[in-house]
Structures are given as structure tokens and as C-alpha cells.
Amino acid sequence: MAVTTVKSIPALGPIYAKAALPGGGGGSTLPDTQLRLAGHKIDRHDLLEYQRICGFNNSDVLPHTYPHVVGFPLQMQLMAGKGFPLPLMGLVHVENVITVHRQIRFDEALDITVSADNLRAHPKGTVVDLVTEVDVDGERVWEGRSTYLARGRGDADAERGEQPPAIPTGQAAAKWSLPGDLGRTYGLASGDINPIHMSAVTAKAMGFPQAIAHGMWTYARVLGAIGPVTSGPSTSHVWFKKPVLLPAKVDFVIDKSGDVVVAGLRSSRKPETEHLVLTLS
């Protein structure tokens, strides 16, 4: 696979603007290319702001999800390229798996590699995995696999992959009120300024009745509520279900009774509406 070196984290604004233009996608194969950014250093101010917004303790150790935020613009750059078979706008983030091999400090130089993998049929369209790998001095310290769905003509017989566990039931461990501007707040902290998150006006233009919370914020917020253990060696698998329309009131639910922690987020007003479920081991 060819490796393209990237000198710095790309800005997402121009990528979204390009993706909004007609065209994009096409073809049946993935680009035989990796994007690689070597020696990236974390801005500690940006890290502290992310920790605050997502409910993590202030720490010099990167939260479980933070390397995804750093690598996400590289994912977007790869998906916005001419050789990518799916149109970037309209892709739905449906799953994510993250493995933290060891704690990572903010002052370590990160080598980040992103590639696309496993383009395949899905009952609701086509899915693809974007793989992000983070190394420090040749040591693999973190890896993540993000699964995106392009809605369209699907294959009812397509393999659906690992299915999520049932969301924990019973009384909520916590209840959170999410403000209407959460999408803008998290978007500025993470760099993800997708219009569906920024305001009701821009979300409606994309087919949503209101702005929706970032899936990666809900994922991070749940992990932050589980505690600092998530920043050490661990693996999480999240399934995104219904989007959170902002403003919202949500319940955090958790079951620690088994070998694997199961946690989730549901609507406070309509508990049958499940926003996500994840496992942590």
C-alpha cells in the first residue's frame, strides 16, 4: 500500500466544503493509499478543553477517544479523495472499536496512520472501515476502527457483523441535560464542524429536524463517566443507534456485573429511545 505523508493535521472546513459539491464517490474499490502524519505533538490547551467538555478528569494522559479526534481529519481527507468509492456527505458513523494498548501522555510524539478497509454490502447500503493506528517510537499504542454507512440499495442477506448487547435497564446512574449549542461547543474543541451538528438551520439543510450531538461526544461522555480506567489498556466497542436531537435530556446507564462492562445512553423522556450502547473490556 502506498504511503502519502501529511505534514500537519488538515483543516476540516475546506474538506466539508469540497464534499458539499456535486459528485463524489463512485467505483467499487478502495484507494490503495495510507495517509501518515509523523511526530505529531498534542496541544495541552486543546486536550484540557476536550477533557472538560467530555467529562474526563484533567490529566496529562490522553482519554480513550482522543487519538480518534486527532486522526479524524486524516480519515476525512482520505474519504474526500477522488479515488474513494462512497460520497463523503451523508455517510453515517454506525460503529467504532478502539483499543488502548497503554497510557499515552500529551507530550509524546505520535505517528498516525489512516487507511480504508473492508468495503462491503450492508442491509441498508454499503459500509466501509477507516482504520487509524498510532505509534510512539515504533510501538503501537492505540488503534481504532470507525465504520461508516452510505445509505442506499442494500443487501438483505449481507453480513451484519458483531451485534450489540442489550442496553442496561433499570434506574439511570446519571441524568444529563445537553444544551442546544453542544454541537458547536464540541465542534470547536474537536475540529468536527459538520453542519448537522452546528445549528438547527444547517442541520435542517442536511435532513435533520434539529442539530444533533456528535456521536463521538456521546461515546466520550459515557467513557468519561465510567472513569479513568478507560485511559489505560482497554478495548471499547460502541454501536450508535438513534441520534441525540439537541437540546436533550439523556440517561447514562451501566452494568458492571459481568466480565465486560456494558454502558449506554437513552432518552430521559422516552427510555425506549436508545442512543448508543458500548462494551468495555
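How many bridges join β1 to strand β2, and do the two run parallel or antiparallel? Four bridges join them, and the strands run parallel. The legends below describe this and other close-up views of a predicted model.

View 1. Eleven strands make up an open sheet with mixed pairing, in the order β1-β2-β4-β5-β6-β3-β8-β11-β10-β9-β7. Its edge strands are β1 (residues 2–5) and β7 (residues 174–178), each of which pairs on one side only. Strand β2 covers residues 33–40, and within it Thr33 is the bridge partner of Ala2.

**View 2. Helix α3 across the sheet.** Helix α3 (residues 66–79) lies across five strands: β2, β3 (92–100), β4 (110–122), β5 (125–136) and β6 (139–151). Relative to β4, α3 runs at about 55°.

**View 3. Helix α2, its ends and its buried residues.** Helix α2 spans residues 44–54. Just after the helix, Gly55 takes a positive phi of about 85°. The buried residues in α2 are Leu47, Tyr50, Gln51, Ile53 and Cys54. Residues three or four places apart in an α-helix point the same way, because there are 3.6 residues a turn. What covers the buried residues of α2 includes α3, α4 (182–190) and α7 (215–226).

**View 4. Aromatic rings around Tyr50.** The whole structure contains five aromatic pairs. In one of them, Tyr50 and Phe56 are stacked, with 6.2 Å centre to centre and 15° between the planes. Both of these residues are buried. Tyr50 also forms an edge-to-face pair with Tyr66, at 4.9 Å centre to centre and 65° between the planes. Tyr50 belongs to helix α2 and Tyr66 to helix α3, so this pair ties together parts that are 16 residues apart in sequence. Tyr50 has a relative accessible area of 0% and is therefore buried. For Tyr66 the relative accessible area is 6%, so Tyr66 is buried. One aromatic cluster is formed by Tyr50, Phe56, Tyr66 and Tyr186.

**View 5. Arginine side chains over aromatic rings.** Arg44 places its charged end over the ring of Phe106, at 5.5 Å from the ring centre. Arg221 lies over the face of Trp176, and here the distance to the ring centre is 4.0 Å.

**View 6. Ser267 and its surroundings.** Ser267 is located in strand β10 (residues 261–267). Its relative accessibility is 12%, so Ser267 counts as buried. Leaving aside residues up to four places away in sequence, Ser267 touches Lys249, Asp251, Thr273 and His275. A polar atom of the Ser267 side chain lies 3.0 Å from the backbone nitrogen of Lys270. Ser267 and Lys175 are 92 residues apart along the chain, and their C-alpha atoms are separated by 9.5 Å.

Key. Residues numbered from 1 in each chain as written. Predicted model: local features only at pLDDT ≥ 70, side-chain atom pairs only at ≥ 80, totals over all residues. Heavy atoms only, no water. Buried < 20%, exposed > 50% of the residue type's maximum accessible area, 1.4 Å probe, protein only. Contact = heavy atoms within 4.5 Å. Phe/Tyr/Trp six-rings, centres within 6.5 Å; stacked < 30°, edge-to-face > 60°. Lys NZ or Arg CZ within 6 Å of the ring centre and 35° of its normal. Polar contact = N/O pair within 3.5 Å; in protein donor to acceptor, adjacent residues only side chain to side chain. Pairing = 2+ DSSP bridges. Axes fitted to C-alpha atoms, helices over the stretch in contact; angles between N-to-C directions.
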